Structures are given as C-alpha cells and as structure tokens.
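Hi,

Here is the structure we talked about, with my notes below it. Could you have a look when you get a moment?

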Amino acid sequence: MLNFDFKTYNSGYISSDEFVPYSSKNAEIKERFLNGDLAHWMNINTYVSSDELNKIKEVSQTVREICDVFIVIGIGGSYMGSQAVISALSPLYQKRKPEVIFLGKNINPNEYVEVLDYIKDKNIVVNVISKSGTTLEPSIAFDLVKELMQKKYSEEELCKRIIVTTDIKEGTLRKEVEDKGYTSFVVPTIVGGRYSVLTPVGLLPIAVMGIDIDKLLLGAKKSIESHLDDAINYATIRDILYNHKRIVESFTIYDEKLHYFGEWLKQLFAESHGKENKGILPITNINTRDLHSFGQYLQEGKDVIFETVIGVSSNVTIYIEKYHKDLNAINNMAIEKVCEAHSNGHTPSSIIWLDKLDEENIGELIQFFIFAAIIGGLQLGINPFDQPGVQEYKRLINAGLQN
Ligand code: PA5
C-alpha cells in the first residue's frame, strides 16, 4: 500500500491559492486519461496482453532451467526498469539464480574483456532488447555475445538461448528473428523506452529472476484505479515548486534496495521533461547515508531543491535495547525528522510511504510515477514521450562510424 504526504513538509513553501490556476488544466488532463487520447495508460493490457503474459511465464521458466547467467542487453529504457525492479525485490547479499548481467549500456572495452571471460564457460541465455534495433551500444554487445555463443552452441540451441525484444515489424533485430527463428517479444508501439518496464521489455527479465510479475501488474492496476488524482497532485506540486525556481528534485530514498529505482526515476523524468530549455533536474540521495554528504546542501544550500522522499516500512522486528525502540520505528521517525529539519532549513519535501517492499507496492509505485511523468510533461508544455536530444547523440556517433 502507498500513502502520500504532500502537505506536512511543503506547507511553508506553497500556498493553497497556487493550486487554483491548475484546476481547469488538470481537469482537462484527467479527462484525457479517462476518456481521451491517454486512455490506453489506464488499461494494463496496453502494457501486456494475457497471451503475451502467458508466453513470458513459459519462456522465463525454460530460461531458468537452462542457464546460470542471464544476460540482458539494452540501454536506457530497455533495461533500467527491469534492473530497478530486480534490485528492489532481490536479497542484498544472497545472489538470485540465475545470475543477471546487464550489458550493452557502455562501450568500454575493459568491461567486455572481463564479461566475456566470465561468461565463456557458463550456461548463458541472452535477451537483447532494443525498440529501434539500431542503437550502437546494445548492437555491439549483442554481436560480441552472439559470437561467443556461436562457438558454444548449435543453431538449434541458439534459438532457445537468444531472445529478442524489439519492434513488431521494423528494424534489423526483427529481421534477424524472422531469418533465424529466435524467440521474440514485442515492444508495444505506444509504450516504448523509459515507460516500458511493465511490458515484455521489463517483464521477461523480471520473471526470469523469479519475481512474481502477476503481483507486480496487480500493483500497477491498483495505481490505475486509485492514484491518478495523487499523481496529478504530485505533478502540480512539482510544477508550482519549479515556478518558484526549485529546479532540482532529489528523490531521497530510505532503502538501499531502491538504488536502481532511483536511477530509473532519474531517467524517467530527465528524458521525459529535459527539453526546450525546461525541466526539473532529478538527482538521488540514499539516506541516511547521504545525509552525511548532500544533507548539508539540502539543509543550508541554495534554494533550488525540493525532495520527494520514498520511505519504506518493514515488518521485521529488531529491538534496539539502548533506545528501547524498534529499528523500524527509529527509521520512520528519522524520515520525518529529516524532512522537518530540511523544511525548517531550505528544502520542502513530499513523502511517499510504502508499507513494505514487495511486488505489489513496486508495481503501484511504478505506475504512479509513470502517470506523474506524463502529467508533469503536459503541465510543462513539452512532449513527455520523445527524446530528441538522445537521438542527436546517436546521429552524431553513427556519422562518426562512417568516417
Ligand atoms: O526512453 C527511451 O526511449 C530511451 O531511453 C531508449 O530506451 C534508449 O535510447 C534505447 O533505445 P532502443 O530501445 O531503440 O535501443
């Protein structure tokens, strides 16, 4: 279950009058979700049909049986969502089986020397994910891993061990699927990139790691049913603060397991909103660790930041004798006290509480932020679905490769 506290630590910074100009604009946005051009975001089948879901479950089961190392090749929206969910829901110290390796997000040769050596004698399965099929980094990673696999496995075996997730008809990867008969999944046309964690892009890797994707989707459905208004409210607070020149948002997270969730949030908001010389710059803090570094700035630095805190409760009991208190109670108390300190200083905060870290809550949180990113983009007057800046670097690198 998610709970939102958007008021306690923002009240000194935003007055209720400031919400008034948003009421008709937000009503229009809501209507687009309920009955208009954004209505597909209110239907979980947009992300994955029940046939695809069954296929994901079947394929993931086979993959779990035949591999020690599962390699996910992709960059940006093609892997950050699954990495976020897998890390959030995996033990911190005990590795899940199979082991997962995310590749194709860099082109540093040192990484490839190490990884190719590490996987050469292991049973591997690869899932290459690229909507366009033309992105340089995953394309190089796929070529290198495929070359190694071709030395180890027969053509028939390769068809079981290479899984391609790409556009339904466009691109070189789709052509390769048709030529070689690899197992394949589709990146839905309307839910690409950073929004695609709840589609086959994210769901297959997550299922391979033994995480319950039905529960994840159930959580997302709960958000669809109950958090659209919360997302509108949150997006509005962000926009009001942005208009007060709060141009940096710290996603302040009180759980190490949500480190990569923070990375996904940075991508979601930076790539969706950072355009036309606009947009809030997202950063992350993992607390209480970062109170001893960034905390100083949040307390006394320049008035350009606001915080969105993610606090996670726990049902584990660890009694701390010295303070006669349970550690969960101390952690929750610390979250509130830090928000109080920061808002007494220079930084307003909103808090999103999770009563525990599980599949349902993570699904609920993902869908909440997907709504917020879309709504925030519309309030800002930009297109939250494109990324022309990213296309520009891809264009220049590709031109460089022709020289
Ligand atoms: O959110 C996005 O659209 C991007 O981050 C893409 O996911 C990223 O650029 C990878 O693109 P592709 O899947 O075409 O390889």
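Thr288 sits in the loop between β8 (281-286) and α12 (294-300); helices (H or I, at least four residues) and strands (E, at least two) are DSSP runs, numbered from the N terminus. The peptide bond that joins Asn287 to Thr288 is cis, and its omega is near 10°. Before going on, a word on the source: this is a predicted model, in which local features need pLDDT of at least 70 and side-chain atom pairs count only at pLDDT 80 or more, while totals for chains, interfaces and linings use all residues. Residues are numbered from 1 along each chain as its sequence is written, and side-chain values use heavy atoms, with hydrogens and water left out.

Another cis peptide bond runs from Lys97 to Pro98, with omega near -5°. Pro98 is in the loop between α3 (80-88) and β3 (99-103).

For the backbone angles, Lys245 is not a glycine, yet its phi is positive, at about 70°.

**Around the ligand**

Which residues come nearest to the ligand? Of the 14 around it, they are Ser130, Lys131, Ser132, Thr135 and Arg194 (near means that a heavy atom of the residue lies within 4 Å of the molecule or strand). The shell is made up of one nonpolar, nine polar and four charged residues; here Ala, Val, Leu, Ile, Met, Phe, Trp, Tyr, Cys and Pro count as nonpolar, Asp, Glu, Lys and Arg as charged, and the others, Gly among them, as polar.

In the side chain of Thr135, an N or O atom is 2.5 Å from an oxygen atom of the ligand. For Gln267, a side-chain N or O atom is 3.0 Å from a ligand oxygen atom, and a polar side-chain atom of Glu271 lies 3.0 Å from an oxygen atom of the ligand. On its own the ligand has 390 Å² of accessible area, and the protein covers 90% of that (Shrake-Rupley method, 1.4 Å probe).

**Aromatic rings**

There are 17 aromatic pairs in the structure. Rings of Phe, Tyr and Trp (its six-membered ring) pair if their centres lie within 6.5 Å; planes under 30 degrees apart count as stacked, over 60 as edge-to-face and the rest as tilted. Phe4 and Phe6 form a tilted pair, because their planes are at 35°, with the ring centres 5.4 Å apart. Phe6 is buried, at 8% relative accessibility.

Trp41 and Phe385 are stacked, because their planes are at 10°, with centres 5.7 Å apart. This pair links distant parts of the chain, 344 residues apart: Trp41 is in the loop between α1 (22-35) and α2 (50-66), and Phe385 in the loop between α14 (359-380) and α15 (388-402). Trp41 is buried at 1% relative accessibility, whereas Phe385 is partly exposed at 33%.

Ring pairs also join Phe4, Phe6, Tyr234, Phe251, Phe261, Trp264, Phe269, Phe368 and Phe369 into a cluster.

Best wishes

Definitions and conventions. A polar contact is a pair of N or O atoms within 3.5 Å; within protein, one must be able to donate a hydrogen and the other to accept it, and residues adjacent in sequence count only if both atoms are side-chain atoms. Buried means under 20% relative accessible area, exposed over 50%, partly exposed in between (1.4 Å probe, protein chains only).
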